[in-house]
Amino acid sequence: LHERKVISGWEQRAPKTAEEFERAWLESGQCQAVKQKVVAFEAQLEQDGRSAEIREFVDQTKMGTASSRLRRRSPYTTTFAYQLMRLLKREWEILLGSKATLIFKLAFNASFAIIVGTLFLQLP
């Protein structure tokens, strides 16, 4: 687990709730620097006229936006079903690509099933 350790002597100064963390972040110099960088980047995009170009590129990379049921403003470039199909195909190819891995997975799963199954042999 990831537990934050407060330096000794700072117990009273460290934020304790989510709201206190948010307030501390929003008031920090790092937050202001990040906001300034974002504003500068957006201004540079507008000045270069590349914001429309980037939006057009994103729209084109979406897999046939009209037929894929993706909203134009969606942050995703493919649908969940398409991603699932591609991942299953990839996993299948990996599985069939290495016979040693396939045999190991089958042996591991069979032995694990036997071990777990024996836990329930003499239950009332």
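Modeller: Let's start with a definition: helices (H or I, at least four residues) and strands (E, at least two) are DSSP runs, numbered from the N terminus. By that rule the protein chain has 5 helices and 0 strands, running α-α-α-α-α from the N terminus on. One caution: this is a predicted model, where local features need pLDDT of at least 70, side-chain atom pairs count only at pLDDT 80 or more, and totals for chains, interfaces and linings use all residues. Residues are numbered from 1 along each chain as its sequence is written, and side-chain values use heavy atoms, leaving out hydrogens and water.

Colleague: What makes the link between Lys89 and Glu93 a salt bridge?
Modeller: A salt bridge is a side-chain nitrogen of Lys or Arg within 4 Å of a carboxyl oxygen of Asp or Glu. For Lys89 and Glu93 the N to O distance is 3.7 Å, so by that definition the pair counts. Both residues sit in helix H4 (residues 80-97), 4 residues apart, about one turn of the helix.

Colleague: How many salt bridges are there by this rule?
Modeller: The count comes to 2. In the other, the side chains of Lys105 and Glu91 meet at 3.6 Å, N to O. This pair links distant parts of the chain, with Lys105 in helix H5 and Glu91 in helix H4, 14 residues apart.

Colleague: Why is Lys105 called partly exposed?
Modeller: Buried means under 20% relative accessible area, exposed over 50%, and partly exposed in between (1.4 Å probe, protein chains only). Lys105 has 33% relative accessibility, so partly exposed is the word. Glu91 at 39% counts as partly exposed too, and so does Lys89 at 43%. Glu93, at 48%, is also partly exposed.

Colleague: And Leu123, buried or exposed?
Modeller: Leu123 has 53% relative accessibility, so it counts as exposed. You'll find Leu123 in the segment after helix H5 (99-118). Across the 124 residues of the protein chain, 9% count as buried.

Colleague: Why are H4 and H5 called roughly perpendicular?
Modeller: Two packed helices are described by the angle between their axes and the distance between the axes. Axes are lines fitted to C-alpha atoms, for helices over the stretch in contact, and angles run from 0 to 180 degrees between N-to-C directions. Angles under 35 degrees count as roughly parallel, over 145 as roughly antiparallel, 65 to 115 as roughly perpendicular and the rest as oblique. H4 and H5 pack at about 100°, with their axes 5 Å apart, and are therefore roughly perpendicular to each other.

Colleague: Which residues make that contact?
Modeller: Contact means heavy atoms within 4.5 Å. H4 brings Glu91, Leu95, Leu96 and Gly97, while H5 brings Lys99, Leu102 and Lys105.
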